[in-house]
Number of protein chains: 2
Amino acid sequence: MKEMLLVSLKEQFGSFISGEFLSQRLGVTRTAVWKQVQLLREQGYGIEALPRLGYRLLALPDLLLPAEIQAGLKTEILGRKVYHYHEIDSTNRLARELGGSGAPEGAIVIAESQHSGRGRLERKWFSPPGGIWFSLLLRPRLLPHQAQLLTLAAASAAVQATVLTCGLSPGIKWPNDLLLAGRKMAGILTEVSAEMDMLHYLVLGVGVNANIPAEALPEELKDTATSLLAQNGRAADRAAWVRSFLQCYEKQYLAAQNHEFAALLAEWRRCSLTLGRKVTVCLPGREVDGTAVDIDDYGALQVRTPAGLETFQAGELRLREKEDS
Amino acid sequence: MKEMLLVSLKEQFGSFISGEFLSQRLGVTRTAVWKQVQLLREQGYGIEALPRLGYRLLALPDLLLPAEIQAGLKTEILGRKVYHYHEIDSTNRLARELGGSGAPEGAIVIAESQHSGRGRLERKWFSPPGGIWFSLLLRPRLLPHQAQLLTLAAASAAVQATVLTCGLSPGIKWPNDLLLAGRKMAGILTEVSAEMDMLHYLVLGVGVNANIPAEALPEELKDTATSLLAQNGRAADRAAWVRSFLQCYEKQYLAAQNHEFAALLAEWRRCSLTLGRKVTVCLPGREVDGTAVDIDDYGALQVRTPAGLETFQAGELRLREKEDS
């Protein structure tokens, strides 16, 4: 009912709608309409109320509220349940908990900021207000060693969402960092709970430096990170980005569930900044120089080294020449 | 102090020790000794107390209490912390919780019975009193795709423990079922929590049909399962089995942490009932017939089929000829 009220107000954004009209349309009393308006105001919607004229919507909150993400969302599974937080320790942490306690596939946990956001390999992830920080819970009927493919697909869905909603074309550094002008704009942290031959659940944590001004980046990230705002000179529509990501990703996810991996791999290759480049693969206690040649059927990186072709399931990659995007 | 009291009583099993002697040896009052004796009695130790004569131990509880497992345990890490339950839903479930909340590596959760014990692929696991049901928490510094090796090592450590404490020689059906006379005597369920390039923790659930009479096996298992008691005609020393397993496994585990996998693989091959046998690999929606040739460096099974050599990371195996062990 709150959702329907919001739809009505948005249709007439800036114009008054009478309480009488709303109460008839929604099939509730005028007092009930008034109560829902109060709830929307508490969430940050700017709604003016005047005697005789009724209500008008004047301002949307710049928040990734469930209603904002779900308005017009064309997915079957992903994002049908949204848990929104103004601040949280880590969206992945809560999504893992939901995974362990039977929450439905496709649920997302989204927060305006994280105070203990994490990146890969236990690194901190700077997650202030203005970014997009969310975790998606999946229950894929795949084997554990196929999970990496779902991570790769998430990276290319994030590229597509950025193209479609911001007009910017990031490239992917294997396995799943998004770069713009050679700097990190988004990253993905995948966590799984699994048996040797069955995934229990998978949590895909997506972090996008969206509307973070360049000068707000911490000193240690200034040379290596960037944001959609910094690259585009204007704020991104964060809810539209999330919707677009969920829609692009759902297509790839459903194909993967049917063991159709070819399109997924092709799409990743198309978005890759990695293949054909000179790279250094950094492993615990070892660094390997070579040329990134391809990814294999499981998403592992194949690197031509002086010693021959080596395949890496994991590792931190350094691109050794400036890319020209 | 309770442990020291128990050691003293066990040294003189069946003979009286005076309260005065115990109080001097332990450096506590005679009232304190009395209180500890009461606690031991509550755990099931049969201790007689007579005025002037003192205390004597007459019966040990047939329970896998921490003190019973740790008495004489020669390990550095494994089993240094034991959580014992008379009944639990599932030891793996609690061990996962401990894994997520920072419990120390090597901790074990052990229960006399499980009412929701699970095997691989979400199957129920019959876990009545008399069996050995425990889960070991590990935090290996290995990549997720190396986790299978730790499962294989657990299977061969379980073989060794059975040889050493029961004089029986089970064989391993890939990846980790222990068979005696062609029937399942023990199984291992490995669960991991991981990122794509880092294991958070690994839980190794070990289930052994130890002192379960053949006639107590449920109807649907009578043709496929057996127990140490049924095979040997006498009860196994369950605490000795667990100690032996932990000691054998710790050696292999520490080697694996140093990336020394060759001995581990060789040991598994030595205990295998699988290699050289005609097998059917059952996958979701597909069955593959062939001859099991070897395991690869990651513990995957290599099967020669009419179509060529196929490698299986996962799957349920059927051995197609009766083994002769």
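Predicted model: local features only at pLDDT ≥ 70, side-chain atom pairs only at ≥ 80, totals over all residues.
Me: How many helices and strands in chain A?
Reply: Chain A has nine helices and 14 strands, counted as DSSP runs (H or I, at least four residues, for helices; E, at least two, for strands) numbered from the N terminus.

Me: And what share of chain A is buried?
Reply: Of its 325 residues, 45% are buried, meaning 20 or more other C-beta atoms, placed from the backbone, lie within 10 Å of the residue's own.

Me: New topic. How many residues does each chain give to the contact?
Reply: Chain B gives 20 residues and chain A gives 21; two residues are in contact if their C-beta atoms, placed from the backbone, lie within 7 Å.

Me: Which elements of chain B give two or more residues there?
Reply: They are α6 (147–166) and β8 (183–195) of chain B. The largest share of that side, seven residues, comes from β8(B).

Me: What does β8 of chain A pair with?
Reply: Strand β8 (residues 183–195) of chain A pairs with β8(B) in the antiparallel sense over five bridges; pairing takes at least two bridges found by DSSP.

Me: Which residue is the bridge partner of A:Ser193?
Reply: B:Ser193, in β8(B).

Key: Residues numbered from 1 in each chain as written. Chains lettered and ligands numbered in written order. Buried ≥ 20, exposed ≤ 12 C-beta atoms within 10 Å, placed from the backbone.
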